[in-house]
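Subject: Handing over a structure

Hi,

Here is the structure I promised to pass on to you. Please have it open beside this email as you read.

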Amino acid sequence: MTVTAGTDLHAAVAAAVAEDAATLIVLSHDLHEHPELAFEEQHAAEVLADLFESRGFAVERGAYGLDTSFTATTGTGDLHAVLCAEYDALPGLGHACGHNVIAGITTGAALALAPLVDELGLTLTVLGTPAEEHGGGKVELLRAGAFESAVLSAMVHPINGDAAAEVSAADVTMQSVDRFDVVFRGRSAHAAAAPDQAINAESAAALAQVAIGLLRQHVPDGMRLSVVGNAAGRVTNIVPAEARLSAEVRSADLEQMLAIKQRMLACFEGAAIATGCTWEQHRAEPRYLSITPDAALAAAWDANLTRSGRDVARHPADGGGGSTDMGNVSRVVPSIHPVISIADAGGPPHTIEFAAAARTPQADAAVLDGATILAGTLVDVARDPEVRADLLRRFAARPEGATTIDQNID
């Protein structure tokens, strides 16, 4: 793409995305056909890093100490935009959250913007962010300093929806989520010959799950409590001495979530007391915080969404009960996490229907539209003197090390 004086930059990025359409669709399909779980995304990270390297980006593989992360950077401007590329999949469901589409959108936007970085005064970094579904890849990257020089950050997530009523970026809501593991320990014995000498850890696990099920009736609307058993007894004639569970609690309100977590922990403690077991709990992964979209970035996204022919409707995002580690990023760096519809998806994210929808012509359209809209958003932000000055002012005022502070202090 050649940029000359007087070039319409919105037309230029749209043309660049169109020129790369085949590459972006092949990329999205390739990732869809090779689903990889958290921190195991070797294929995805390598394919993306190779593509950016072939286009002249400065690439670092295994960035910030994570084997399946990478950075791809171009430009030297003072407005440093970090675009996140997710690419992990779900166990048993593959790309049922559409992270192949996310990676395609980020890639398309970055390739379209690359020839414009000097004119726009941008430093543009694509950050490969593994382990969004479980593991908190962005939290680990925050701790390692990956966002320390970022003036702004963005990514785009597909949802099941209607292009005639897209969600405003300002209305995208995600909940905080705290995930933790629990272990009950008792004493094994023969279930027929000496049951009176046993302490049944599986009974404690069952009792705790019943108690939490009853607790659900008494939590504020919108909260979610979940518990699954991981391991307990294996045969009927041995009373199990150990039982393991994984649990999570979600809420848009962090303090509310922490308060209800204490009530969940009381259910586990009560089950241990009732059965004579001991118990312990520990955090399973970094806590995800609710997202706080930046108003100026959201307005720029919405304007470009309308420019693309997709209409904006002011309503909360469908599936707003979900959570993302991009919420943690948004707490320290001006960020947006807008959504774009895959029409006729047949089901919401994390279903087999959405997994199938993530590799359809409608998903391909979301990749190309999303890339064009995201690139146009950065064009507008970079060229708006007030928005640019405000972002740079906030960056200058951010204390050194602010993005690396541990956000998981109870």
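This is a predicted model: local features need pLDDT of at least 70, side-chain atom pairs count only at pLDDT 80 or more; totals for chains, interfaces and linings use all residues.

Residues are numbered from 1 along each chain as its sequence is written, and side-chain values use heavy atoms, with hydrogens and water left out.

Let's begin with the sheet. Six strands form an open sheet with mixed pairing, in the order β1-β2-β4-β3-β5-β13. Strands here are DSSP runs of E with at least two residues, helices are runs of H or I with at least four, and both are numbered from the N terminus; two strands pair if DSSP finds at least two bridges between them. At the edges are β1 (58-61) and β13 (335-336), each pairing on one side only. Strand β3 (residues 79-85) runs parallel to β5 (residues 152-154), with three bridges between them. Leu 83 has Ala 154 of β5 as its bridge partner.

Now the charged pairs. There are 25 salt bridges, a salt bridge being a side-chain nitrogen of Lys or Arg within 4 Å of a carboxyl oxygen of Asp or Glu. One of them joins Glu 86 and Lys 138 (2.6 Å, N to O). Glu 86 lies in the loop between β3 and α4 (99-113) and Lys 138 in helix α6 (residues 137-144), so this pair ties together parts that are 52 residues apart in sequence. Both Glu 86 and Lys 138 are buried (under 20% relative accessible area, with exposed over 50% and partly exposed in between; 1.4 Å probe, protein chains only).

Arg 287 and Asp 178 form another salt bridge, with their closest N and O atoms 2.9 Å apart. Arg 287 sits in the loop between β11 (278-283) and α9 (295-307) and Asp 178 in strand β8 (residues 176-185), so the pair ties together parts 109 residues apart in sequence. Arg 287 is buried, at 1% relative accessible area, and Asp 178 is buried too, at 0%.

What about Asp 380 and Arg 307? They form a salt bridge with the closest N and O atoms 3.8 Å apart. Asp 380 is in helix α12 (residues 361-383) and Arg 307 in helix α9, 73 residues apart. Arg 307 is partly exposed, with a relative accessible area of 48%.

Enjoy exploring!
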